[in-house]
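Take a look at the fold below. We will walk through it one part at a time.

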Amino acid sequence: MFEWLFIPAAYLIGSISSAIIICRLMGLPDPREQGSGNPGATNVMRIGGKKAAGITLLGDLLKGLIPVYIAKSFELPAELLAVVGLAAFLGHLYPAFFGFKGGKGVATSVGVLLGFSWALGFSFMGTWILIYKLGKISSLSALIASILSPVFAWFIVGDVKIVIASAVMTVFLLWRHESNIQRLLSGEEGKLKT
């Protein structure tokens, strides 16, 4: 029975907004009220520089990784592990502590994928880096890496539950990046916009 407690715990960990907390600690403006209005690492870079963005990115990644990694260490079945990962991811998107208005979820999804499998997470990051080097557009890199993540999950992990969890995160990431997709299609998406 206690295994099911991992799900709400993962959601609450995911609900901790690294961007808002880091900005407060560093005396920066609220990321929800500056730049793109998105409480994520790219917007924190825009308003506070690389150091603040790097810490935010790490925080968002860890809150996806830690719940899954702990659940995995307890040898939870794959279906429960997948739900724990999704709970952490949804906590970032809809944080209980910040009015259910969160970020777009890229870094947290990477953390979840790393928790599922190091190779899976690094495949996402490698794809992001490659696409970014080619196009210099952060959102495009994230979108392509996300679209490919269920494919990576199929070949690397081979468990349909993990593949489904990866696909669900992809759907949410595409939805959360709707404005970016529109700008990409119109040719208006610039460097580091998110």
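Two residues are in contact when they have heavy atoms within 4.5 Å of each other. This is a predicted model, where local features need pLDDT of at least 70 and side-chain atom pairs count only at pLDDT 80 or more, while totals for chains, interfaces and linings use all residues. Residues are numbered from 1 along each chain as its sequence is written, and side-chain values use heavy atoms, with hydrogens and water left out.

Start with H92. Leave aside its neighbours within four places in sequence, and H92 touches G14, S15, P39, D60, K63, G102, G103, K104, G105 and T108. H92 sits in helix α5, residues 78–93. Helices here are DSSP runs (H or I, at least four residues), as strands are (E, at least two), numbered from the N terminus. H92 is buried, with a relative accessible area of 6%. Buried means under 20% relative accessible area, exposed means over 50%, and partly exposed lies in between (1.4 Å probe, protein chains only).

Now to the nonpolar cores. Such a core is a set of buried Ala, Val, Leu, Ile, Met, Phe, Trp, Tyr and Cys residues joined through side-chain atoms within 4.5 Å. The largest one has 32 residues, and V84, F116 and L120 have the most contacts inside it. At least two residues of this core come from each of α1 (6–14), α4, α5, α6 (106–116), α7, α8 and α9 (160–176). Which helix gives the largest share of this core? It is α5, with nine residues. Another core lies apart from it and has five residues, among them A19, I22, C23 and A52.

What does L120 contact, leaving aside its neighbours within four places in sequence? The partners of L120 are L113, S149, F152, A153, I156, V157, I162 and S166.

Next comes α6. Ten of its eleven residues are buried, so α6 is largely enclosed by the rest of the structure. The buried set runs through A107, T108, S109, V110, G111, V112, L113, L114, G115 and F116. These buried residues pack against α4, α5, α7, α8 and α9.

Look at α6 beside α7. The two pack at an angle of about 145°, and their axes are 5 Å apart. Axes are lines fitted to C-alpha atoms, for helices over the stretch in contact, and angles run from 0 to 180 degrees between N-to-C directions. From α6, the residues V106, S109, V110, L113, L114 and F116 meet W118, L120, G121, F122, F124 and M125 of α7. Ten residues of this contact are nonpolar, two are polar and none is charged. Ala, Val, Leu, Ile, Met, Phe, Trp, Tyr, Cys and Pro count as nonpolar, Asp, Glu, Lys and Arg as charged, and the others, Gly among them, as polar.

A second pair is α8 (residues 138–156) and α10 (residues 178–186), which pack at an angle of about 110° with axes 10 Å apart. That makes α8 roughly perpendicular to α10, a label for angles of 65 to 115 degrees. On the α8 side, S139, L140 and L143 make the contact, and on the α10 side N180, I181 and L184 do. Four of the contact residues are nonpolar, two are polar and none is charged.

Finish in the loops. E75 lies in the loop between α4 (50–73) and α5. Its phi is near 60°, a positive value in a residue other than glycine. E75 is exposed, with a relative accessible area of 69%. K136 lies in the loop between α7 (118–135) and α8. Phi of K136 is near 60° too, again positive in a residue other than glycine. At 36% relative accessibility, K136 counts as partly exposed.

Terms used. Parallel < 35°, antiparallel > 145°, perpendicular 65-115°, else oblique.
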